[in-house]
Amino acid sequence: MWPASRAGAVLTVNLSAIAENYRYLVSRLGKTVCAAVVKADAYGLGIAQVAPVLEKAGAKHFFVAHVDEGLALRPFLSPHISVTVLHGPRPDAAEVCVRNNLRPVLNSLEQVAVLRDLAAKMDKPLDVAIQLDTGMSRFGLSEADIHKLAESPELLNGLSVSLVMSHLACADTPENPANTMQRERFEAYAHVLPKAVLSLSASSGIFLGPQFHFDLVRPGAALYGVAPQNEGDNPLKPVVGLQAHILQIRHLSKGDRVGYGLTWQASGSCRVATIATGYADGFARAGAAAGCAWYKGYRLPILGRISMDSMTVDLSAVPECLLKEDSMVELLNESYGVDAVAKAEGTIGYEVLTSLGRRYHRVYATAA
């Protein structure tokens, strides 16, 4: 993390909002357990800071994608907290995974065989999760694999299956019939496997209703303020704010052009600012023309193409007396968050959040 005195921008992470979001999700769940997904360094916000806050808020089960993410997470959690590795271990990583008290998710019969052999080698039962492919064709055992396990239970010798899970492909669009189809497949597949905790829903699935909750849910992006559904108000607290320094202010005349390719042209006299954030900091070049920054409530349209380390915004609406070089403009705030930036860029809030760069000075805020 760069010091504030030298960084071009400051990213503020509201840890209290993350805890509030976790507790809000819990309030929707009844007896269902609410885990916490902290893969990709807590969606780019920092597991060292985020994970202890989530544990304090009540999370007892954490999920990561890779074994090394689990190894990095362990020091920041109490020893009794469960950590599950969604991708499962590659063959050479299986022993490291289980010896560090990380539960692997087995996504194929090949992974089942690796863990079965490891259980025999270690001469003890190994705690594992099994993922089922219910229609997304991404991770998990196929229908044929599931029936093979059901017909040959010895394939699970030495394995204690404590979790059976799947993942919804269309949970952010509640009306999509694929949601019900996947839920029904999940129920049918799980019925022929060893009895275990069942988990189908991540962030968006929580909002589909109790029939999708089962025993455990696995929210990730919702913890960090990303809208769980494509329509309607976002019930979650915004978590991140971003302010970037103005590096230069200049006056342009009619006909002057801005940025690579000279794609934007002034229709009259105007004032513009170059600010210290670019696509290397998580603001995509695509869709820039629809994006904006903010200063004291004034909207500042982005002009031309975003560069690697900077972008240009229109200051014309701001009274000149209010601005000077090294002032800070807002690129993310409570009313213009990652979902709004994603809409301008033609992507999703998840991608914006996890792309926020490492050159920011970071401030971790908690409620007073």
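The following legends describe close-up views of a predicted model.

Figure 1. The predicted model contains 368 residues, of which 51% are buried. Its secondary structure amounts to 11 helices and 19 strands. Along the principal axes, the C-alpha atoms occupy a box of roughly 80 × 40 × 40 Å. Two domains are assigned, domain 1 (15–224) and domain 2 (240–365), and their centres, taken over C-alpha atoms, are 38 Å apart. The contacts between the domains involve 12 residues of domain 1 and eight residues of domain 2. Among contacts in the protein with a separation of 6 or more, 66% join residues 24 or more positions apart.

**Figure 2. The largest nonpolar core and Tyr224.** The largest nonpolar core comprises 83 residues, and the members that touch the most others are Leu54, Phe62 and Tyr224. Both domain 1 (15–224) and domain 2 (240–365) contribute residues to this core, so it lies between them. Apart from this core lies another, of 31 residues, which includes Leu106, Leu132, Ala190 and Leu208. Residues up to four places away in sequence being left out, Tyr224 touches Ile18, Asn21, Val37, Val38, Ala42, Tyr43, Leu45, Val50, Leu54, Val239 and Leu353.

**Figure 3. Helix α3 and its packing partners.** Helix α3 spans residues 47–57, and its buried residues are Ile47, Val50, Ala51, Val53, Leu54, Glu55 and Ala57. An α-helix has 3.6 residues a turn, so residues three or four places apart point the same way. The buried residues of α3 pack against the helices α1 (15–27), α2 and α4 (67–73), and against the strands β3 (36–37) and β4 (61–64).

**Figure 4. Surroundings of Leu45.** Leu45 is located in the loop between α2 and α3. Leu45 counts as buried because its relative accessibility is 0%. With neighbours within four places in sequence left aside, the contacts of Leu45 are Val13, Val50, Tyr224, Val239, Val240, Leu353, Arg362 and Tyr364. Val240 lies 195 residues from Leu45 along the chain, yet the C-alpha atoms of the two are separated by 8.7 Å.

**Figure 5. The largest pocket.** The largest pocket holds about 1000 Å³ of space. It is lined by 43 residues, those closest to its centre being His167, Ser204, Ala221, Ile348 and Tyr350. Four helices, α2 (39–43), α9 (203–206), α10 (338–345) and α11 (349–355), each provide at least two residues of this lining. Domain 1 (15–224) and domain 2 (240–365) each contribute at least three residues to the lining of the largest pocket. The lining comprises 21 nonpolar, 14 polar and eight charged residues.

**Figure 6. The second largest pocket.** The volume of the second largest pocket is about 320 Å³. Its lining consists of 19 residues, and Gly225, Asn234, Glu334, Gly337 and Asp339 are the closest to the pocket centre. Helix α10 gives the largest share of this lining, three residues. By class, the lining of the second largest pocket has nine nonpolar, six polar and four charged residues.

**Figure 7. The largest cavity.** The count of cavities of 30 Å³ or more comes to two, and the largest cavity has a volume of about 70 Å³. The residues that line the largest cavity are Phe283, Ala284, Gly287, Ala288, Gly291, Cys292, Ile302, Ile306, Tyr336, Val341, Ala344 and Glu345. The largest share of this lining, three residues, is supplied by α10. In terms of class, nine residues of the lining are nonpolar, two are polar and one is charged.

**Figure 8. The second largest cavity.** About 60 Å³ of space lies within the second largest cavity. Its lining is formed by Gln131, Leu132, Asp133, Thr134, Met136, Arg138, Phe139, Ser166, His167 and Gln182. Of these lining residues, three are nonpolar, five polar and two charged. His167, which lines the second largest cavity, is also one of the residues closest to the centre of the largest pocket.

Conventions. Residues numbered from 1 in each chain as written. Predicted model: local features only at pLDDT ≥ 70, side-chain atom pairs only at ≥ 80, totals over all residues. Heavy atoms only, no water. 1 Å grid on protein atoms, 1.4 Å probe; cavity = no way out; pocket = protein on both sides within 12 Å on 5 of 7 lines; lining within 4 Å. Points joined across faces, edges and corners; volume = space filled by probe spheres on them. Nonpolar A, V, L, I, M, F, W, Y, C, P; charged D, E, K, R; others polar. Domains from an automatic or database assignment. Core = buried A, V, L, I, M, F, W, Y, C linked by side-chain atoms within 4.5 Å. Buried < 20%, exposed > 50% of the residue type's maximum accessible area, 1.4 Å probe, protein only. Contact = heavy atoms within 4.5 Å.
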